[in-house]
Amino acid sequence: MTRVLVLYYSSYGHVETMAEAVADGARDAGAVAVLKRVPELVPQHVADAAGYRTDQRADIATVAELPEYDAIILGTPTRFGNMAAQMKNFLDQCGGLWFADRLVGKVGSVFTSTGSQHGGQESTILSVHTVLLHLGMVVVGLPYSFKGQLRMDEITGGSPYGASTLADDGSGGDRRPSENELNGARFQGHHVAGIARALAAARNSGAA
């Protein structure tokens, strides 16, 4: 059975909601999808003052468990056009896995959330892609066969680099992921799981 880890960091729940949709898509493709998050770095009093979500259900992941999966799909909010420090801190601990080639050939994919339509969705995803490539992973995005990213009738996230959502409604208020954005996340999860299954089958048969 193909195993997919959906690994995310979420301050206010937008990325968490997208992560759940990604996991649903992977399960629809027949994979075992595990939802986990990276540790919080912000002091508790700062998180409380900022209104960070404290009721997230996913368990905390460890770096050591990453090689157990055929694919790892990472979700992070954008921070000035880059991944959040919490995600970068977690990935920076993968040196031992990099040295031993433990993630080479695994599938890696990324999704994100930004505060605005031009808040750095693509650059954030690409910043994670750089790390995945250094780890030897096979990078997979959100292909244009997901037609929702071509919509012009509504503001929406999504690009060929990966699924995304917009967290600000334009007036400083909270905007939750739209159905189109969630569909993109489900599509990405399903797409990644299918590719991971094919690669794992090739490795097991000695073809890869």
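Select helix 6 and look at what its buried residues pack against: strand 1 (3-8), helix 1 (14-28), strand 4 (71-79), strand 6 (107-114) and strand 8 (164-166). Helices (H or I, at least four residues) and strands (E, at least two) are DSSP runs, numbered from the N terminus.

This is a predicted model, where local features need pLDDT of at least 70, side-chain atom pairs count only at pLDDT 80 or more, and totals for chains, interfaces and linings use all residues. Residues are numbered from 1 along each chain as its sequence is written, and side-chain values use heavy atoms, with hydrogens and water left out.

**Helix 6**

Stay on residues 179-205. At 1.5 Å a residue, these 27 residues should span 39 Å, and the end C-alpha atoms are 39 Å apart, which agrees. The expected span is 1.5 Å times one less than the number of residues. Now colour the buried residues, including Asn180, Leu182, Gln188, Val192 and Ala200. Buried means under 20% relative accessible area, exposed over 50%, partly exposed in between (1.4 Å probe, protein chains only). Step past the end of the helix to glycine 206, whose phi is positive, near 85°.

**Valine 4**

Next, pick valine 4, in strand 1. Valine 4 counts as buried because its relative accessibility is 0%. Show its contacts (heavy atoms within 4.5 Å). Beyond residues up to four places away in sequence, valine 4 touches Ala26, Ala31, Val32, Ala33, Val34, Tyr69, Ala71, Ile73 and Ala193. Ala193 is also one of the buried residues of helix 6.

**Tyrosine 12**

Move to the loop between strand 1 and helix 1, where tyrosine 12 sits. UniProt, in an unreviewed entry, places the feature "binding site" at Tyr12. Such annotations may be inferred rather than shown by experiment. Is tyrosine 12 buried or partly exposed? Its relative accessibility is 39%, so tyrosine 12 counts as partly exposed. Leaving aside neighbours within four places in sequence, tyrosine 12 is in contact with Ala50, Gly51, Tyr52, Arg53 and Arg176.

**The pockets**

A pocket is an open set of points on a 1 Å grid over the protein atoms alone, where a 1.4 Å probe fits, with protein on both sides within 12 Å along at least five of seven lines; lining residues have an atom within 4 Å of a point.

The largest pocket has a volume of about 320 Å³. Of its 17 lining residues, Gln117, Gln121, Glu122, Thr156 and Gly158 lie nearest the centre.

The second largest pocket holds about 210 Å³ of space. It is lined by 14 residues, with Arg37, Glu40, Arg53, Thr54 and Gln56 closest to its centre. Arg53 is also a contact of tyrosine 12.

How values were computed: Points joined across faces, edges and corners; volume = space filled by probe spheres on them.
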